[in-house]
2 protein chains.
Amino acid sequence: MRNIRLTVAYDGTDFHGFQVQPQLRTVQGVLQEALRLITKEEALQIHGSGRTDAGVHAWGQVVNFVTRSRIPVEKWPVALNVRLPNDLVIREAFEEPLDFHARFSAKRKVYRYMIDRAPYPNVFQARYAYHVPYPLNPDRMREATAYFIGRHDFTSFCAAATPVEDKVRELYRIDFEEKDSFLSITFEGEGFLWNMVRILVGTLILVGRGRLSPDDMPAILEARDRTRAGFTAPAHGLTLWEVIYQ
Amino acid sequence: MRNIRLTVAYDGTDFHGFQVQPQLRTVQGVLQEALRLITKEEALQIHGSGRTDAGVHAWGQVVNFVTRSRIPVEKWPVALNVRLPNDLVIREAFEEPLDFHARFSAKRKVYRYMIDRAPYPNVFQARYAYHVPYPLNPDRMREATAYFIGRHDFTSFCAAATPVEDKVRELYRIDFEEKDSFLSITFEGEGFLWNMVRILVGTLILVGRGRLSPDDMPAILEARDRTRAGFTAPAHGLTLWEVIYQ
């Protein structure tokens with residue numbers, strides 16, 4: 001048996017998220033079907049580094065699967081890409097020890113959220129950027145992010161229905177990049193709760209617009225109450241950028 | 001009567017080109033319908049700076065129309081954008097003298113062609129970049145472009161069915177920009193023949209791959225024979241970038 005790890009990019013627009021769902025087009029479903037066709041292993045299952053919600057994109061999602069197939073590791077991308085639709089592309093393949101697991105072996109994740117601040121949405125980025133046609137002050141937003149770096153209980157910044165108990169996560173960095181009308185915010189952390197990046201972004205947008213102050217952040221974190229933070233920014237601005245192992 | 005000029009961006013993927021065609025979704029058709037709804041002028045007609053073929057995009061297409069409407073010029077973009085689909089956006093509006101015509105008043109046009117040289121297509125640019133997974137030598141391509149700059153008969157570099165008689169055009173510049181896996185080629189000229197940019201790009205790709213030499217260009221130009229130049233690069237890599245009216 002061999003354990004194959006793939007780096008997967010997808011445009012999430014036309015997928016109902018990552019996880020397999022009956023009758024719906026999902027990343028895991030489409031990828032698993034292609035792999036079963038190639039390997040003729042009907043029970044073949046892929047493991048993702050994590051689910052992405054409907055509409056969320058990926059540049060560096062990571063999946064692994066265990067197979068009896070003897071296809072050389074460097075042939076996997078092309079073998080899969082000829083069978084996959086245009087909105088799902090395998091970028092790389094590696095062979096890993098049998099104990100490697102895309103989710104449990106992951107050490108850090110990087111997400112990127114893109115905001116388009118032009119007066120009207122850029123047609124070429126409309127699928128990948130959230131259009132915010134209001135003045136945003138990036139200095140205020142940067143100031144607010146200082147309160148999120150480090151180890152915090154992010155209960156206020158995750159969906160109220162989040163199933164996990166422990167809501168303490170460590171954030172390593174939040175970087176801003178401005179280019180033309182776009183503002184990209186990159187988050188690197190040990191892991192993220194459900195909707196966490198989107199709620200952080202929704203809150204930072206309120207700070208950028210002057211509806212919240214950077215100094216409001218400590219009280220919102222301490223409240224451990226979802227209703228205290230900002231809105232959930234839409235899925236289509238979010239991209240799972242990279243998953244870091246070891 | 002007032003003459004309104006609009007700067008229009010569109011993702012050409014889901015349009016059957018610019019020009020109105022019965023039963024088909026075209027840029028002119030969708031835009032004219034929105035304008036007729038707003039102005040209630042059934043005969044309202046828009047003039048484009050030129051047609052773009054099916055699948056070709058625009059960042060700075062220019063159109064004009066004459067109307068009795070008293071909507072202030074700065075209100076036109078928002079009035080239209082709320083009615084237009086996501087793949088067609090009005091970026092700017094200006095009022096022009098009555099003798100302004102988007103096509104006849106144009107002095108120069110700028111087109112951009114984007115090539116993706118990654119081993120597998122970038123999912124986020126798959127609609128806007130032509131995927132060429134072969135090594136391309138940009139220095140050879142640049143060398144070839146030197147033969148195109150200036151005033152030439154481009155009969156070899158336009159569709160054989162091109163209806164115009166005079167195939168002499170002046171090219172002012174051809175610039176290359178490399179970023180990540182992308183190679184963008186920008187063409188600025190007084191005007192372009194049917195498929196001219198796409199055939200120039202197809203020919204430059206053959207030069208970049210070593211199938212043609214830069215020094216073959218003068219003979220191809222002199223032959224005035226479409227079959228001597230390279231293939232017509234696909235529409236989806238091409239964007240009408242800007243129309244210049246001094």
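Predicted model: local features only at pLDDT ≥ 70, side-chain atom pairs only at ≥ 80, totals over all residues.
**Entry 1: strand β1 of chain A**

I began with strand β1(A), residues 2-10. Nine of its nine residues are buried, so the strand is largely enclosed by the rest of the structure.

Next I looked up the pairing partners. β1(A) pairs with β3(A), residues 57-67, in the antiparallel sense over eight bridges. In that pairing I found F65(A) as the bridge partner of I4(A). β1(A) also pairs with β4(A), residues 88-96, antiparallel and over eight bridges. There, L88(A) stands opposite Y10(A).

**Entry 2: the contact between chains A and B**

I took the size of the contact next. Chain A and chain B each put 25 residues into it. Together they bury about 1700 Å², with 71% of that area on carbon and sulfur atoms. On the chain B side, Y120(B), V123(B) and F124(B) supply 42% of the area buried against chain A, more than any other three residues.

β1, β3, α2 and β4 of chain B each supply at least two residues of the side touching chain A. β4(B) gives the largest share, four residues. By class, I noted 14 nonpolar, six polar and five charged residues on that side.

**Entry 3: salt bridges within the chains**

I looked up R142(A) and E178(A), whose side chains meet at 3.9 Å, N to O. R142(A) sits in helix α3(A) and E178(A) in strand β8(A), 36 residues apart. R142(A) is partly exposed at 34% relative accessibility, and E178(A) is partly exposed at 43%.

In chain B, R224(B) and D153(B) form a salt bridge with their closest N and O atoms 3.1 Å apart. R224(B) lies in the loop between α5 and β10 and D153(B) in strand β7, so the pair ties together parts 71 residues apart in sequence. R224(B) is partly exposed at 47%, whereas D153(B) is buried at 19%.

Last, I recorded a salt-bridge network linking R108(A), R173(A), D175(A) and E188(A).

How values were computed: Residues numbered from 1 in each chain as written. Chains lettered and ligands numbered in written order. Heavy atoms only, no water. Buried < 20%, exposed > 50% of the residue type's maximum accessible area, 1.4 Å probe, protein only. Pairing = 2+ DSSP bridges. Contact = heavy atoms within 4.5 Å. Buried area = accessible area lost by both parts, 1.4 Å probe. Nonpolar A, V, L, I, M, F, W, Y, C, P; charged D, E, K, R; others polar. Salt bridge = Lys/Arg side-chain N within 4 Å of Asp/Glu carboxyl O.
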